[in-house]
Amino acid sequence: MIYLENLVKDPYFTSGLWKITSKPEEVRISSDRVQTPIGVKDSLKVESFGWSKWCLVYGEKLQVKPRETYRLNVRMMLNLEDRKASVVLEPQILDENGEKVKVTKKKWVGDSGEPFFVEDLGSWRGGVIGATGKWGWRYMTGGFMIPDGGVQMNLTLYGAGPGKVWVTGVELYRNFYSTVKKVEPPDIPEYPKAIVYKRLKLGEYAGKVLRIGDLNGDGKVELLLVQKINPKPIKQSSVNYVALRCLTAIDLNGNILWQLGEPDPSGYEVWSDLPVQVFDFNRDGKMEVLCCKDFKIMLLDGATGNVITETDTPESNSGEGPEDGFPRILGDSITICNLTECDPGDFILKDRYNNLWAYDREFNRLWSYTGKMAHYTQIYDVDGDGFDEVFSGDALIDQNGEILWRIDLYGHCDSSIFYRDREGRLILALAYEDGGFYFLNALTGEILREWHLGHGQGVNLASYRPDQPNGLAIAANTFWGGAFWFIFSLEGEILHADFTDVYGWVPVNWSGDGIELIGSAYGLYDGYGRMVVEFPDPHDGKVWVYNVCGDQRDEVIVWNDKLLSIYTQDRGFSGLKIYTPKRRLYNQTFYGSFISEPNWIYVKSTAHRGSFQENLRG
Ligand SMILES: [Ca+2]
Ligand SMILES: [Ca+2]
Ligand SMILES: [Ca+2]
Ligand SMILES: [Ca+2]
């Protein structure tokens with residue numbers, strides 16, 4: 001056991017090394033010997049009666065070097081009276097001019113986890129530990145690597161808003177990797193090579209939002225390209241409103257089947273999801289397109305684009321933030337779910353930040369919820385009664401609209417997944433923006449584990465890692481303030497931490513042997529961050545996965561405003577059973593939240609079946 005030295009000489013706020021740099025009149029800061037965690041004598045108590053910001057700075061300036069990694073621990077207890085009130089412990093990294101280090105990312109290697117790639121990621125903010133709400137003592141861990149240009153670390157503790165917080169046990173250790181359960185990567189197996197199955201030149205209808213499905217019922221998939229428009233709100237508003245401008249359905253040869261709206265190249269770029277999904281809503285075996293356009297919820301015939309049914313979108317409701325620039329909502333994203341019958345076909349429609357509405361497949365509005373919305377609403381049958389529960393971003397809601405539990409976390413939810421861990425416990429894992437990554441007991445909302453590693457952007461479950469049971473692991477990434485990439489075990493242990501690159505998240509069932517790879521525009525990475533399949537003649541773009549042709553293995557779709565490519569394997573599958581993970585590919589979003597659960601099917605080829613039966617007899 002290597003002895004690790006706590007670099008914070010005043011972990012309990014008792015030696016005077018923490019300096020108060022801002023204390024408004026409405027704030028009381030004191031030492032508390034009563035409210036302390038077990039084994040700790042003192043904690044810092046901050047009580048505020050208003051909204052002015054208070055701040056303490058650790059007096060010893062810590063000299064740091066780029067590429068050093070750190071682990072930051074703190075214990076906090078909170079009794080804040082407003083969910084916008086907060087307390088934050090932030091390691092600020094300064095450059096040699098005493099300025100906060102800025103993060104630029106010149107080259108992305110995998111999918112960014114946002115709809116876009118940017119070079120300017122803003123001020124560095126790794127390892128920020130923020131909290132809000134009412135909580136008993138929580139042990140919180142942050143991890144980070146000193147970015148290029150960093151020479152000094154200032155630990156700052158700040159907050160605002162009415163209520164009380166207690167903070168103690170601040171620990172800073174070198175070498176974050178001592179907490180990573182590092183696994184030696186296996187030798188790279190021989191993967192099928194990638195060949196171009198289709199490469200299409202896209203017209204002025206190209207959209208960054210793409211949906212896939214057999215729109216005309218001929219057994220082959222078609223592509224639906226979706227463009228956005230930025231309507232000016234009637235009422236002055238700080239929200240950047242985005243709406244659906246044009247839908248274009250094309251076949252795999254690039255022929256246009258139908259189009260709704262006026263295409264315009266400016267509609268390609270988006271900064272969020274758009275409300276459109278492809279699904280067989282009326283159970284006639286043919287696909288429909290569900291979308292919001294011109295303040296209507298519309299069900300379109302997949303083959304023709306003709307409107308089957310339409311109804312007004314919900315009346316807007318400002319909620320906790322201003323989002324009432326129009327009398328009705330434009331629509332942000334749609335999640336298909338099962339609230340009323342045995343099959344999915346009901347749906348959740350949300351606005352960007354404040355509200356969601358539940359509808360059945362006949363467009364009857366079932367219920368609504370106002371809170372702090374996730375970028376994409378996640379669904380899962382948490383209590384096993386055959387109906388989906390809905391995770392809004394801050395609450396778990398049952399099929400009748402009843403709130404089962406609610407949670408106050410710092411930031412907002414960018415991405416979420418449900419799964420069972422090795423003990424069979426149902427877990428809800430969250431990427432919660434600057435609030436961190438969380439592993440909750442999905443039945444209660446209790447925090448089982450939390451990591452504060454930067455701006456949590458995506459969490460995605462798939463069989464990424466052969467060293468884990470069923471290969472299951474979670475690919476997670478951060479975005480603003482630093483693009484970092486992590487692999488978590490189902491129990492929330494960190495198996496891999498990379499503070500320099502994001503390799504992506506879209507799981508690709510490429511070899512059919514039970515291990516999924518990770519899609520990027522240039523090829524496929526494995527769950528250890530190694531590119532193992534290169535695409536021939538690649539181009540940049542967004543990435544999605546679908547079984548377009550051949551056997552059950554996935555094809556990879558990469559597209560931008562000019563080109564769309566579909567890559568497939570250069571050889572057939574040989575084996576008795578082929579991996580065919582269970583996914584809800586009809587619920588597509590830019591914001592991770594991908595759940596890919598193990599499933600195998602036996603190959604139907606007569607040659608294989610013969611040998612399979614022989615094996616059974618033998
Ligand atoms: Ca078709
Ligand atoms: Ca249908
Ligand atoms: Ca249920
Ligand atoms: Ca295939």
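The following legends accompany an overview and several close-up views of a predicted model.

**Figure 1. Overview of the predicted protein chain.** The protein chain comprises one helix and 47 strands. Its radius of gyration is 25 Å, close to the 25 Å that the globule rule gives for 618 residues, so the chain is as compact as a globular protein of that length. Taken along the principal axes, the C-alpha atoms fill a box of roughly 75 × 60 × 50 Å. Of the 618 residues, 49% count as buried. Among contacts with a separation of 6 or more, 60% are made by residues 24 or more positions apart.

**Figure 2. Confidence along the chain and the stretch 606–618.** The average pLDDT of the protein chain is 95, and 97% of the residues score at least 70. Over residues 606–618, by contrast, the pLDDT is below 50. Beyond near neighbours in sequence, this stretch has five contacts in the model. Where pLDDT is low, the predicted coordinates should not be read in detail.

Figure 3. V167 belongs to strand β13, which spans residues 163–174. It has 25 C-beta neighbours inside 10 Å and therefore counts as buried, the cut-off being 20 or more. Leaving aside neighbours within four places in sequence, V167 is in contact with S43, L44, V74, M76, V87 and L157. The view also includes L78, which is 89 residues from V167 in sequence, with a C-alpha to C-alpha distance of 8.7 Å.

**Figure 4. The hairpin of β25 and β26.** Strand β25 (residues 355–359) pairs with strand β26 (residues 365–370) in the antiparallel sense, over five bridges. Within this pairing, L356 has Y369 of β26 as its bridge partner. Five residues lie between the two strands of the hairpin, where F363 takes a positive phi near 70°. Most residues other than glycine have a negative phi.

**Figure 5. The four-stranded open sheet β27-β28-β29-β30.** Four strands form an open sheet in the order β27-β28-β29-β30, with antiparallel pairing. The edges are taken by β27 (378–380) and β30 (403–406); each has a single partner strand, so one side of each is left without a neighbour in the sheet. From one strand to the next, the twist averages 20°. One of the bridge pairs shown is that of Q378 with F391 in β28. Strands of a sheet pair through backbone hydrogen bonds, either parallel or antiparallel.

**Figure 6. The four-stranded open sheet β35-β36-β37-β38.** This open sheet has four strands in the order β35-β36-β37-β38, and the pairing is antiparallel. Strands β35 (456–462) and β38 (494–498) stand at the edges; because each has a single partner strand, one side of each is left without a neighbour in the sheet. The twist averages 15° from one strand to the next. Strand β37 (residues 485–488) runs antiparallel to β38 and is joined to it by four bridges. In this pair of strands, I487 stands opposite H496 in β38.

**Figure 7. P469 in the loop between β35 and β36.** P469 is placed in the loop that links β35 to β36 (473–478). With 13 other C-beta atoms within 10 Å, P469 is partly exposed, since a residue counts as exposed at 12 or fewer and as buried at 20 or more. R422 is shown with P469: the two are 47 residues apart along the chain, and their C-alpha atoms are separated by 8.0 Å.

**Figure 8. Positive phi angles at D537 and S593.** Neither residue is a glycine, yet D537 has a positive phi of about 50° and S593 has a positive phi of about 60°. D537 is located in the loop between β42 (531–534) and β43 (542–546). S593 is located in the loop between β46 (577–579) and β47 (600–602).

Methods
Residues numbered from 1 in each chain as written. Chains lettered and ligands numbered in written order. Predicted model: local features only at pLDDT ≥ 70, side-chain atom pairs only at ≥ 80, totals over all residues. Pairing = 2+ DSSP bridges. Axes fitted to C-alpha atoms, helices over the stretch in contact; angles between N-to-C directions. pLDDT = per-residue confidence, 0-100. Contact = placed C-beta atoms within 7 Å. Rg over C-alpha atoms; globule rule 2.2 N^0.38 Å.
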